[in-house]
Amino acid sequence: MKDRRGIVIGLVAVIAAAGVAPLLSAYPLTLLTQAAIVAVLAMSLDVLLGYTGLPSLGHAAYFGVAAYAVGILATDYQRGFLVCLVAGLVLATLTAAVFGLLAIRATGTYFLMITLALGMVVWGLAFRWVSMTKGDNGIAGVPRPELGLPWSMGAPLPFFYVVLVAALVAWALLGLLVRSPFGLTLQGIRESDSRMRALGYNVWLHKYLAFVLSGAFAGFAGVFWAYYNGFVSPVDVQLVTSVETLLMVALGGPGTLAGPALGAALIVFLKNFVSVYTKRWLLILGAVYIGVILFAPRGVPGAFRRNR
Amino acid sequence: MGAPTWPPSPQRSGRPGEPGAPLELALRLEKVSKWFGGLRAVDDVELTVRPGERRALIGPNGAGKTTLFNLIAGALPVSAGRITLFGDDVTRLAQHRRAALGLTRTFQITNLFPSLSVLENALLAAQALTPAKFSMLRPRGGFGELDTRAREALRAVGLEDRAQSAVRHLSHGEQRQLEIALALAGRPRVLLLDEPAAGLSSAEAHLMTSLLRGLDPAITLLIIEHDMDIALEVAQHVTVLHYGKVIADGPREAVKADPTVREIYLGA
């Protein structure tokens, strides 16, 4: 019944966010929008880390590839939302499909290191392929999309609601995924891949599918990220982004979807709150990470839950 | 034949019901070897198992029994030799493909999905060989046929009351029963049981023995068992492995009486 509780808590959080949003000033609303987008990224990683047991440290790659696709298409080519969305999704999925071929053979720390290295490749491209990505300067002036709705997406509130709906769609799809027979398969792989093989599962194939799907959802988040920031730069694909995502999942409790989403919101608010007082955000992040691993390896909610 | 076999002719006459029927073997190993560096863990093993047969594989510690299981199941590649399953050459086939042909195994050291429920464990086994395992957008509750099959397997081993418990809350004996249920839910034709009674109390072992004796007679059983009493109660035929070689092979009474076997294994 852990599942149902996650859904209830998640829905309460979404309804609360939707309810208070009109009352908020611009800055908190911005953070809320950011949290909703990053929550999708965290949930996409949770499919890998929490359900399949694959600790990817390169998730910013798919997120960033999609963000760059949107950035380039929306500025240089002035393409509309639909084209950008599809292009972002396709590129992120393709990137994951290629990276998955290289990474899935490995497990544990090796998998972590390979995904980290692959993530660095994307970062390197973003940084050095100046003709395409404008390098360290980043791509500025990504316009908010026109969705054919009566409200302008340039205003923070309508944009927040669109992002919230997108996040809900992603949550619903991922929720169906993890409750499907395929989702059970992934959990079986997490628990014992040798037994899964003996039962007749092509473990590699299922891991690979999970990897690609996870990349696609990370890309979905990346599309909205580009629109939200109006700016895409190598920061979006750097290692710190991947690490933060991993922390969100660890903090919220891997294998629960709603948990990592709330973990994402927590990190977003913590980060912005702390950086008012200090520039050493990474130090705090590291401390939180160590604390979670030491004291709450099943996430903060898991630490309060008794042995199920 | 690399190893001396017992009885002298490995061909056994058919059962009363099937006189002279052409024997399609469930499992056949020809000169199967596995070496790890200089160690020949499995050495030129010949083994034939007829459909529906109950065969025990015994031998002292380190005789290569589990390694042989890993070779048959496909968890390890053979170094040499040939393995056929119902006439199909499976020597180079991946483990999951052999499972798809009806070959399943259990593990000596309990190998389950500890944080999932008992029913979820059985469901994983039930859906393993169906296309449903790729279904991504339909909740698991929508697959009644799989649910029925999973519950049937649990009932077969007497675990239907524990369906909702997490596996790690089961007793060791119950976990051993679930090991069998997982193997059964896939409806195997050939079942490899690796010490099903490992670590069980004598009462639990007795329960396991009657469970194994009650299995569908169509299923071919190859069973590794340390406990001779259990092995001989379940199986009519026995193959003895010693230092990777088959040293005896035949009906249980004959193997029991075999002087070499008595010397090295039974310690008599």
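Which residue of S8(B) does B:Leu192 stand opposite? That was my way into this structure, which is a predicted model.

**Entry 1: strand S7 of chain B**

I looked up B:Leu192 and found B:Leu222 of S8(B) standing opposite. Then I checked the two strands themselves. S7 covers residues 190-194 of chain B, and S8 covers residues 220-224 of chain B. They run parallel, and 5 bridges join them.

Next I wanted to know what else pairs with S7(B). I found strand S6, residues 103-105 of chain B, which pairs with S7(B) in the parallel sense over 3 bridges. Here B:Thr104 is the residue opposite B:Leu191.

How many of the residues in S7(B) are buried? I got 5 of 5, so I'm noting the strand as mostly covered, with a residue counting as buried if 20 or more other C-beta atoms lie within 10 Å of its own. I also sorted the residues by direction. B:Val190, B:Leu192 and B:Asp194 point one way from the strand, while B:Leu191 and B:Leu193 point the other way. Both groups are buried.

**Entry 2: strands S1, S4 and S5 of chain B**

I stayed in chain B and looked at S4, residues 80-85. It pairs with S1, residues 27-36, in the antiparallel sense over 5 bridges. On the other pairing, S4(B) and S5 (residues 88-89) are antiparallel too, over 2 bridges.

Then I looked at the turn. The hairpin of S4(B) and S5(B) has 2 residues between the strands. I noted that B:Phe86 takes a positive phi near 50° there.

**Entry 3: helix H11 of chain A**

H11 has 14 residues, 239-252, and at 1.5 Å a residue it should span 20 Å. I looked up its end C-alpha atoms and they are 20 Å apart, which agrees.

Is H11(A) mostly covered or mostly open? Mostly covered: 11 of its 14 residues are buried. Among them I wrote down A:Thr241, A:Glu244, A:Leu247, A:Val249 and A:Gly252.

One last thing I jotted down: just after H11(A), A:Gly253 takes a positive phi of about 105°.

Technical notes. Residues are numbered from 1 along each chain as its sequence is written. Chains are lettered from A and ligands numbered from 1 in the order in which they are written. This is a predicted model: local features need pLDDT of at least 70, side-chain atom pairs count only at pLDDT 80 or more; totals for chains, interfaces and linings use all residues. A residue is buried if 20 or more other C-beta atoms lie within 10 Å of its own, exposed if 12 or fewer, and partly exposed in between; C-beta atoms are placed from the backbone. Helices (H or I, at least four residues) and strands (E, at least two) are DSSP runs, numbered from the N terminus. Two strands pair if DSSP finds at least two bridges between them. The expected span of a helix is 1.5 Å times one less than its number of residues.
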